[in-house]
Amino acid sequence: MNLKAYLEARRLVVEEALARYVPTGSGPAARLQEAMRYSLLAGGKRIRPILHLATVEACGGDPQECLGFACALEMIHTYSLIHDDLPAMDDDELRRGRHTNHVVFGEAMALLAGDGLLTEAFRLIAHEALEKGLDPPRVLRATLELATAAGPQGMVGGQAADILSEGRQVSPETLAFIHTHKTGALIRASVRTGGILAGASQESLESLTRYGEALGLAFQIRDDLLNEEGDPVKLGKAVKTDQARGKATYPGLFGAQESRRRLESLVGEAMEALQSLGAEAEPMRQIALYMARRDH
Ligand code: GRG
């Protein structure tokens, strides 16, 4: 299969749905809607919704039914980027090749745009489930999984640990906590919720979990390496910022060579986890291989 064409086709489906689900607003709060759309529709790889839809298909589900859930994942991811870029956090001025949300809309509106996207994500899930008559226990399980991954037991907890570790020498255990929570949790959930909504068996869910966990960590290690040696134009954001801020990173703790070795071995683990799934899981396999070589 041609992964580039697959990713591009899926990206377009997601883009179109996102623009529809978060419409241009009117009235006194129209600026908020504009701020939400500014970051949400600023490009980005859309890897979380694409992973979700690929998993739904690999497990025999209907991706059309899960498009709302896929977009909710991207909305939560975008909220986290807006808040992460704020002066109180990483204080970044460039994201997805354009000025960060607070630079354009001001800090108060950027905070609210993040809040709006996070809340809207869960509203969208409930709305789509009712509208499409989805199986309530599956939707509830997937929603619980997503909320756990995004909240203090997942991404928010990882971000807190990351901030609390800035400028300190961290142990390999703390670094693993930061990576698996800050980035890994939402990627793992993108995969697992696809399986849950598609009605995957317990055995398949266990395989999906191993795949999602390996992929999540691989994604973050690649991100760390790109921050050290990537091209800021391709990345659409500044590089070498981790070291300057005293961030805990994989290459910082283990060196670039060991990071690359670990990345390759995680991709191998992800591929192995999919062995029990059939040909329908080919896009998931290709996405795992892409993780090790992505340049943005
Ligand atoms: C503020 C609650 C809160 C969490 C922030 C996402 C995040 C947690 C921090 C972003 C900082 C960062 C560089 C994390 C590393 C991995 C990551 C999430 C990179 C950005 O995701 P991509 O590469 O971005 O999928 P695009 O723009 O392609 O969507």
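Modeller: Happy to! A polar contact here is a pair of N or O atoms within 3.5 Å; within protein, one must be able to donate a hydrogen and the other to accept it, and residues adjacent in sequence count only if both atoms are side-chain atoms. This is a predicted model, where local features need pLDDT of at least 70, side-chain atom pairs count only at pLDDT 80 or more, and totals for chains, interfaces and linings use all residues. Residues are numbered from 1 along each chain as its sequence is written, and side-chain values use heavy atoms, with hydrogens and water left out.

Arg48 places a polar side-chain atom 2.8 Å from an oxygen atom of the ligand. For Arg96 the corresponding distance to a ligand oxygen is 2.7 Å, and for Lys45 a polar side-chain atom lies 2.6 Å from a ligand oxygen. Taken alone, the ligand exposes 700 Å², of which the protein buries 91% (accessible areas by the Shrake-Rupley method with a 1.4 Å probe; for residues, only the protein chains shown count as cover).

Now the whole shell. In total, 18 residues surround the ligand, and His77 and Ser80 are among the closest (a residue is near if one of its heavy atoms lies within 4 Å). Helix α4 (67-85) is one of the elements that supply at least two shell residues each, and α4 gives the most, with six (helices are DSSP runs of H or I, at least four residues, numbered from the N terminus).
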